[in-house]
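Here's a quick briefing to read alongside the model. Have the sequence and the 3D view open as you go.

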Amino acid sequence: MPPMSNKRNSQGDGPNQRQLRVGELIRRTLADVLNRAEIHDPDLNRMSITVGEVSCSTDLKVATVYVMPLMGSVPVEDAIAALARNKAELRHRVASQLTLKYAPDLRFRPDETFDRLDETRRLFSDPKVVKDLSAPDEDDDADPEGGAPRDRDA
């Protein structure tokens, strides 16, 4: 007899609704705290850091925070180091705003979304790609059921 599927513990294809909701609440809370410079670290308060996304583990005990300094004001490694130094205070601020059983452990990573967007734009502007995208498909003349090409004069 096959093992019974436990929907509650299944890994699924992506984050569930609760993970997304908690991640967004953490993102907003951290963005507000960093924007208002409420942390007792002058180095961190001088940095303008954007919080792009927060992804939570399935048990909501770990939150990975994707950050990027605004307009390259400081190297991303310096921003992540400053955030990591103040992780306990940031975690306390998040815990005070959320009604979770456990305050999630915060892990800071660079937000590479904009780098990926720039790379995608670069690829789409490549002359070879533009030529491929503008060329008609070879399948345009084929029968929808996969038969031989249709005669346009018929």
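This is a predicted model: local features need pLDDT of at least 70, side-chain atom pairs count only at pLDDT 80 or more; totals for chains, interfaces and linings use all residues.

**Helix 1**

- Helix 1 takes in residues 17-35, and its 19 residues should span 27 Å at 1.5 Å a residue; the end C-alpha atoms are 27 Å apart, so the two agree.
- Its buried residues are Q19, V22, G23, I26, T29, L30, V33 and L34. They sit on the same side of helix 1, because they cover an arc of only 130° around the axis.
- Over on the other side of helix 1, you'll find Q17 and N35 exposed.
- What do the buried residues of helix 1 pack against? Their partners are helix 2 (42-45), helix 3 (76-85) and helix 4 (87-97), plus strand 1 (49-56), strand 2 (62-69) and strand 3 (105-110).
- After helix 1 comes A37, which has a positive phi, near 55°.

**Y66**

- Y66 belongs to strand 2, and it is partly exposed, with a relative accessible area of 26%.
- Leaving aside residues up to four places away in sequence, Y66 touches T50, V51, G52, E53, S55, R109, P110 and D111.
- One of those contacts, R109, is 43 residues from Y66 in sequence, yet their C-alpha atoms are 4.9 Å apart.

**Rings**

- K61 lies over the face of Y102, 4.3 Å from the ring centre.
- As for aromatic pairs, the structure has zero.

Definitions and conventions: Residues are numbered from 1 along each chain as its sequence is written. Side-chain values use heavy atoms; hydrogens and water are left out. Rings of Phe, Tyr and Trp (its six-membered ring) pair if their centres lie within 6.5 Å; planes under 30 degrees apart count as stacked, over 60 as edge-to-face and the rest as tilted. A charge sits over a ring if NZ of Lys or CZ of Arg is within 6 Å of the ring centre and within 35 degrees of the ring normal. Helices (H or I, at least four residues) and strands (E, at least two) are DSSP runs, numbered from the N terminus. The expected span of a helix is 1.5 Å times one less than its number of residues. Buried means under 20% relative accessible area, exposed over 50%, partly exposed in between (1.4 Å probe, protein chains only). The arc is that of the directions from the helix axis to the C-beta atoms. Contact means heavy atoms within 4.5 Å.
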